[in-house]
Amino acid sequence: MYISEIVREPMAEFVGVAVFVIFGTGVDCQVVLSTNPGVASSPKGDFLSVNIGWAIGLAMGAWVSGGISGGHINPAVTLAMATRRGFPWRKVPGYIFAQVLGGLAGAAMVYGNYKHAIDIFEGGSGIRTRATAGLFATYALDYMTAVTCFFVEFLGTAILVLMVVAATDKHNNAPPNGLLPLVLFLVLLGLGASLGMQTSYAFNPARDFGPRLLLTFAGYGKQLYTYRNQYWLWCPIIAPFLGAQAGVGFYDLFLNKSNDCDATM
């Protein structure tokens, strides 16, 4: 049990987030980079492709980690499970650290895979701008205000976590555990299709911060952190943490019939 808690569970979170980010940032790169004639003869996908890729990544990440760590693969979910579902607080730091590292590792593999295409798209190997930073980290559309950016990430994460706790509530027609990845696929696909355009929908601090760390090492510079007055902190990190608390709190206040709640996904 001790070895499982110390090694296997955080490693499962690491692998789950890495898989999630590989699928997600991979589809971002393929869809955007292929619009350059020097990279591909024709575009390879569209916004629907992006939504499907991220949704498949979440489902596969949850599948590979669910039976070992509970398949949180999201620091906001881990914290919500600790505050409202009895998940042990002693595990929270290790889970979150592993999740962020998983995001970094997944992004690093995709960056290495598409490096030459990124060079062509940017116009040289020494040029790195927000045009390709947005393939890995999240950025808002220009017309968005700080308040609306925060609200999109807050709302999307709240809905995501609301559906997670509903799907794991044995008193609310919960699906079999083996079908949870399918539920997560549908939830993220729907969220991306309906709320994803304006902020590139992080809804997960590790999904943004891990790849953003990779971009730091890749030479994208301080604009990663100075953009919109530390957007990286308050929008894809703080808003999802608060949204997750709101989602599980709303469920428990109005919908939950039992105090016997599960700390796993």
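Helices are DSSP runs of H or I, at least four residues, numbered from the N terminus.

A note on the source: this is a predicted model, where local features need pLDDT of at least 70 and side-chain atom pairs count only at pLDDT 80 or more, while totals for chains, interfaces and linings use all residues. Residues are numbered from 1 along each chain as its sequence is written, and side-chain values use heavy atoms, with hydrogens and water left out.

Next I asked which residues of α7 are buried. I found Leu180, Pro181, Leu184, Phe185, Val187, Leu188, Leu191 and Gly192; buried means under 20% relative accessible area with a 1.4 Å probe, protein chains only.

Leu188 turned up again in the largest nonpolar core, of 49 residues, where Phe136, Leu188 and Leu215 touch the most other members. I take such a core as a set of buried Ala, Val, Leu, Ile, Met, Phe, Trp, Tyr and Cys residues joined through side-chain atoms within 4.5 Å. The largest share, eight residues, comes from α4. Apart from this core lies another of 17 residues, among them Ala82 and Val92.

I used axes fitted to C-alpha atoms over the stretch in contact, with angles from 0 to 180 degrees between N-to-C directions. Pro75, Thr78 and Ala82 of α3 make the contact with Val92, Tyr95, Ile96 and Gln99 of α4; contact means heavy atoms within 4.5 Å.

Is α3 mostly covered or uncovered? Mostly covered, I noted, with seven of its ten residues buried. Its buried residues pack against α4, α6, α8 and α10.

Last, I looked at α8 and α10, whose axes come within 9 Å and cross at roughly 150 degrees. That makes α8 roughly antiparallel to α10 as well. Here Pro205, Asp208, Phe209 and Arg212 in α8 meet Trp232, Pro236, Ile237, Pro240 and Phe241 in α10.

Conventions: Buried means under 20% relative accessible area, exposed over 50%, partly exposed in between (1.4 Å probe, protein chains only). Helices (H or I, at least four residues) and strands (E, at least two) are DSSP runs, numbered from the N terminus. Angles under 35 degrees count as roughly parallel, over 145 as roughly antiparallel, 65 to 115 as roughly perpendicular and the rest as oblique.
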